[in-house]
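Work through the exercises below with the sequence and coordinates at hand. Each task is followed by a stepwise solution.

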Amino acid sequence: MIGVDDTLDDATDQTAPVWAVFGDLMAGLLGAFVLILVGVLVVQIDLVASLQQEVQKRQMEEQRRMALEKALAVPLAAGRVTVNNGRIGISGSVLFATGSDELRAEGRQLLKSLVQPLGVYLRERDEMLMVSGFTDNTALLRGSQKRFADNLELSAQRALTVTRALIDEGMPSSQVFAAAFGAEQPVADNSDEKGRAQNRRVEMAPVPKAAPQRPAESPRAP
């Protein structure tokens, strides 16, 4: 005859595996929850770090813009130059006659007035000045009077002329270089004369100096 104790033992043996499975299930769910929580925290930390970097970047850009505008306060107030996103713009008509790379007298005087404040700005930040030439999309004249192959060559010669003028007025040649874009990167519509006049321009932009390259180590003798 089966006793009461034997019956209780059988019930316990049948119930124990159920509680064990339930415990394993809860442990698994808890582990999954912890992993999800850790993942969410990691993503939030990355987002906060990215946001802080973006805020710092914008603050540095704003400080840079304010410093540049302060350095060029006089020509800016006179409306002779513009500053947009760290680029100093000068209308092409102030510097050159149409289709020419010969610097006007008023253009040279303007460049001369920019050398000292720009020189201070560049030295304080250990930067260089990129002088960029731009044109409208009007094709150049053909025939014997044509001096330039295309707008790209005209913009290159104008950028070089401005670069040389800055150097002649005292800017170290190691702090300035020229670039040409021709009719690329217009700032206005070329469909009318007002827009084309805005596109005929020279821009000067402070840029970081390239990091000096370390000389390659010569292979050691075995």
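The exercises concern a predicted model and go from the whole chain to single side-chain pairs.

**Exercise 1.** State how many helices and strands the protein chain has, and in which order they occur.

Solution. Step 1: counting the elements gives six helices and five strands. Step 2: reading along the sequence gives the pattern α-α-β-β-α-α-β-α-β-α-β.

**Exercise 2.** Classify E124 and R125 by accessibility, and name the interaction between their side chains.

Solution. Step 1: E124 has a relative accessible area of 60%; exposed means over 50%, so E124 is exposed. Step 2: R125, at 32%, is partly exposed. Step 3: the two side chains form a salt bridge, with an N to O distance of 3.3 Å.

**Exercise 3.** Which residues are linked with E193 in a network of salt bridges?

Solution. Step 1: E193 pairs with R196 at 3.5 Å, N to O. Step 2: both lie in helix α6 (residues 193-199), three residues apart, about one turn of the helix. Step 3: E193 also forms a salt bridge with R200, where the closest N and O atoms are 2.7 Å apart. Step 4: the network links D136, E193, R196 and R200. Step 5: E193 itself is partly exposed, at 41% relative accessibility.

Definitions and conventions
Residues are numbered from 1 along each chain as its sequence is written. This is a predicted model: local features need pLDDT of at least 70, side-chain atom pairs count only at pLDDT 80 or more; totals for chains, interfaces and linings use all residues. Side-chain values use heavy atoms; hydrogens and water are left out. Helices (H or I, at least four residues) and strands (E, at least two) are DSSP runs, numbered from the N terminus. A salt bridge is a side-chain nitrogen of Lys or Arg within 4 Å of a carboxyl oxygen of Asp or Glu. Buried means under 20% relative accessible area, exposed over 50%, partly exposed in between (1.4 Å probe, protein chains only).
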